[in-house]
Amino acid sequence: MVKRNSFLIVAVLLLITTFAFANVNLVFWHSMSDYQKPALDKLVSEFNSTHPGIHVVAIYEGNYDQTVTKLKTAFLSKNTPDIVQLNIEHLRIFTANHQLLDLSKFLSKDPSLKSDFVDPFWKTVVINGKPYALPFNISCLMLFYNEDLFKKAGLDPNKAPKTWKEMEEVAKKLTVRAPNGRATQYGLFWGVSGEDTAFYQFEPLIWQNGGKVFNSSMTKCLVDQPPAVETLKRWKSWFDEGISPANMNYQEGIQAFMMGKIAMGPMTSGGIRYALDNLPWDLGVAMLPSHKATATTLGGGSLAILSNVSLGKQKAAWEFIKWMTNTKNTLYWYENTGYLPVRKSALSSLQIKLIWKKFPQLKPAVEAIPYARPRPVNVDIIEIRHTLFNAIEEVRHGVKNPQQAFDDAAKKVDEILKSERQK
Amino acid sequence: MKKIISSLTLILILSLSVFATNRIVNVQIQGNTFTKKFVILNLMSYKKGMKVNVDELAKAQNILMSSGLFSNVYMNLEATNDDYVLVVSVEEKNHISPIVDLVKGVGIKESDLFGLGVQGEASIRFFNLSPFEIFAGGYSLDLSSQRAFGTPFSFEIALSNLKKMQWITSQSKFQYDLARKTVGAGYVLSGNSGFMANYIHENVSISASEQFAVDAVSLDIYDRPIQMQNKRTYAWWNLHLEKGINGTKYSVFTLDGNLYHRMIGQVYYQARLYGVLNLGNAPFTRKIYFGDTYNLKGYDTKEFDLPFMLLFETRIGVPLTSSFEISKSPELSLYTPELIPQIAFMNYKNISLESFKASIGLGVKINSPFGVFEPEIFFGKELGFYLEMK
């Protein structure tokens with residue numbers, strides 16, 4: 001009798017688990033294009049084949065900023081996805097209006113999960129003490145350099161510059177000029193014109209010089225302070241001395257770097273595999289050079305569930321984002337893109353050591369984690385970044401001097417921060 | 001004395017405890033729905049009690065990946081006291097693919113027969129693609145494994161009976177039937193280099209009137225890259241030595257050298273040097289220099305009854321995506337148009353312009369779920385159509 005009852009209970013439980021996720025279709029918006037897309041598609045396809053009751057449809061919705069715009073529109077038209085990949089800086093835009101699901105209720109049932117996420121990565125998804133996403137594609141800004149050009153210039157390709165001073169010296173050696181004085185090869189490529197990238201590359205220089213972009217409560221912009229202004233002066237000198245191209249936009253810079261016309265520059269670790277698969281020369285990857293401090297920028301995206309999805313879908317979506325970030329999958333994602341593994345168990349795994357054997361260029365990004373700082377976040381972060389980008393552009397083009405440009409930018413940003421607090 | 005015994009005991013305990021740490025006491029295989037566990041263990045060269053060694057484990061992972069059986073191999077260590085359990089998760093590849101071959105006909109290839117890691121091929125020749133002459137008859141069966149049941153030993157057993165094969169030379173044109181039996185064994189050395197020895201017996205009949213038999217032995221020595229995913233340039237080669245026995249006096253030496261170099265993006269250059277030296281009086285069936293898809297294309301190489309040939313082929317490929325943009329990753333490559341110039345040097349005893357033959361080809365390599373196939377068109381002495389399958 002006991003046996004029969006046990007059998008019945010097991011059968012009922014099996015039926016419940018089978019039907020719990022029966023025919024749950026989830027729409028997942030992401031920003032992974034080009035070389036990252038096949039790896040993402042493979043993960044989604046594997047999830048679908050191993051989770052019979054859930055079907056995830058992954059849709060590319062443009063870059064992070066475009067996804068923000070589209071998601072805002074989707075909320076207005078009430079046609080939102082169920083899961084979205086958001087840049088860690090953009091989470092606040094949607095948590096402010098309670099549009100993302102607080103994941104605390106799921107995490108409380110799985111207490112070991114939270115502690116397995118790498119601490120600085122976990123902090124990027126926690127807002128006012130509540131987790132609104134799971135870190136997924138986190139990257140560090142790293143120094144990419146052309147080992148072939150290093151060898152050609154008589155430099156050791158295994159020794160990347162470790163300080164600003166070393167970097168400037170190496171960049172001078174790597175800058176080649178024609179008899180008319182015009183540079184045919186540049187040593188450095190740092191913070192050239194590009195709305196999405198210029199300030200992203202500039203920001204860690206302020207930290208390395210002992211400065212900050214904002215105060216800790218994010219109520220005041222500090223770029224008018226000496227560390228940031230000094231950094232801007234030093235950065236401007238790289239263009240003035242001709243070691244970094246002054247009249248080149250970001251895309252042109254990337255092309256020139258790829259063609260071996262620029263020797264080194266800061267780039268996201270999320271692009272290491274792309275670089276290894278596509279560059280026509282040997283790639284070296286190293287930690288960003290230090291100055292008064294060692295620092296790099298933490299960037300990338302996370303997986304969030306929208307708060308307006310049904311309870312059934314929430315559970316299925318949670319299964320999906322948890323699965324996408326599990327130890328095995330985060331390592332697969334790391335090996336195939338360069339985005340950092342998000343789990344502590346992955347960082348200490350055998351598999352990561354095996355990956356480093358195949359792709360040693362992926363290792364320095366993991367070693368950079370202790371020095372990686374998340375970018376400051378705010379509801380109006382896109383507008384703030386635009387203001388700061390304009391300021392460094394004005395200096396690069398000689399429209400303003402560094403102090404003027406950052407004084408003006410700090411005032412504008414303070415106003416944005418103030419108006420946001422008053423909302 | 002007691003002190004000595006206690007010291008020795010202590011040393012013994014200490015040495016045993018040192019011996020017991022960092023060792024793999026068990027291996028768990030996951031994700032293999034088809035391939036047998038012992039095959040995977042053999043491929044990994046796992047020995048119980050093996051010390052954790054990242055280099056050795058990386059090599060094991062590479063061998064599993066290059067076996068062609070798996071699309072992904074994930075390794076994890078689970079601690080048990082002072083030792084470890086190695087957990088190997090594999091994702092199996094599709095192991096059945098079609099065969100479309102100019103000589104063998106059409107058939108099916110099973111790359112993991114009964115989950116034993118053995119490759120089996122069966123094909124039926126019911127038409128002759130070259131002159132589009134349709135007729136019935138002919139079969140090929142092949143059973144082989146580079147690493148038999150995961151061990152370093154290779155074997156091959158092949159049986160074919162092909163009817164109405166074409167042979168056209170400047171002097172004559174005829175058809176013949178060829179029955180061939182091949183038995184071979186070999187050994188894979190470290191990495192993916194090794195050797196393979198074969199015994200070949202052929203019965204040939206021409207128009208039912210003339211019949212002869214050929215017995216030969218051959219030795220192949222090869223070196224192929226194991227894991228080339230992270231390399232921009234890699235090379236592989238095969239040296240083939242063949243000698244007639246039992247009254248058939250001839251020797252054939254063949255060298256097949258290949259070089260791959262990724263130039264920029266996914267655009268690549270591939271060079272192949274294929275040389276044959278034919279000594280003695282080889283029967284005509286052994287004078288097929290390269291096999292149908294490796295010939296100097298745009299020519300009928302059966303016309304060249306020469307003891308020597310050196311072929312240099314280059315392939316410049318531009319991988320494209322499904323929307324015909326230049327691909328940024330190997331996974332996105334769907335079509336690869338290739339430009340294929342070929343130059344052959346035919347007669348080393350009489351160097352003249354006549355000794356050189358050239359052709360140029362255009363091909364499109366297409367990645368399909370059943371493998372890679374490539375239709376090609378070549379312009380040489382004549383226009384030639386070819387189909388390569390990989």
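Helices (H or I, at least four residues) and strands (E, at least two) are DSSP runs, numbered from the N terminus. The structure is a predicted model, in which local features need pLDDT of at least 70 and side-chain atom pairs count only at pLDDT 80 or more, while totals for chains, interfaces and linings use all residues. Residues are numbered from 1 along each chain as its sequence is written, chains are lettered from A and ligands numbered from 1 in the order in which they are written, and side-chain values use heavy atoms, with hydrogens and water left out.

**Exercise 1. Locate His90(A) and describe its surroundings.**

Step 1. His90(A) lies in the loop between strand 3 (83–87) and helix 4 of chain A.

Step 2. Buried means under 20% relative accessible area, exposed over 50%, and partly exposed in between (1.4 Å probe, protein chains only). His90(A) counts as buried because its relative accessibility is 2%.

Step 3. Contact means heavy atoms within 4.5 Å. Leaving aside neighbours within four places in sequence, His90(A) is in contact with Tyr64(A), Asp65(A), Val68(A), Ile381(A) and Ile382(A).

Step 4. A polar contact is a pair of N or O atoms within 3.5 Å; within protein, one must be able to donate a hydrogen and the other to accept it, and residues adjacent in sequence count only if both atoms are side-chain atoms. The side chains of His90(A) and Asp65(A) make such a contact (3.4 Å).

**Exercise 2. Describe how domain 1 and domain 2 of chain A meet.**

Step 1. By an automatic or database domain assignment, chain A is divided into domain 1 (24–139 + 299–374) and domain 2 (141–296 + 376–422). Their contact takes 28 residues from domain 1 of chain A and 29 residues from domain 2 of chain A.

Step 2. Buried area is the accessible area (1.4 Å probe) that two parts lose on being put together, summed over both. Between the two domains of chain A this area is about 2300 Å², and carbon and sulfur atoms give 61% of it. In domain 1 of chain A, Glu89(A), Gln361(A) and Arg373(A) lose the most area to domain 2 of chain A, together 27% of what that side buries.

Step 3. A salt bridge is a side-chain nitrogen of Lys or Arg within 4 Å of a carboxyl oxygen of Asp or Glu. The count between domain 1 and domain 2 of chain A is one salt bridge. Arg385(A) and Glu89(A) meet through their side chains in a salt bridge (3.0 Å, N to O).

**Exercise 3. Characterise the interface of chain A and chain B.**

Step 1. The contact takes 29 residues from chain A and 30 residues from chain B. About 2400 Å² is buried between the two chains, 55% of it on carbon and sulfur atoms.

Step 2. Across this interface the rule finds two salt bridges. Lys357(A) forms a salt bridge with Asp55(B), with the closest N and O atoms 2.4 Å apart.

Step 3. There are also 13 residue pairs in polar contact across the interface of chain A and chain B (both at pLDDT 80 or more). On the side of chain A that touches chain B, helix 17 (350–358) of chain A is one of the helices that supply at least two residues, and helix 17 gives the most, with six residues.

**Exercise 4. Are the residues of helix 10 (residues 198–208) of chain A buried or exposed?**

Step 1. In helix 10 of chain A, 11 of the 11 residues are buried, so this helix is largely enclosed by the rest of the structure. Among them are Phe199(A), Glu203(A) and Trp207(A).

Step 2. Gly210(A) follows helix 10 of chain A and has a positive phi, near 80 degrees.
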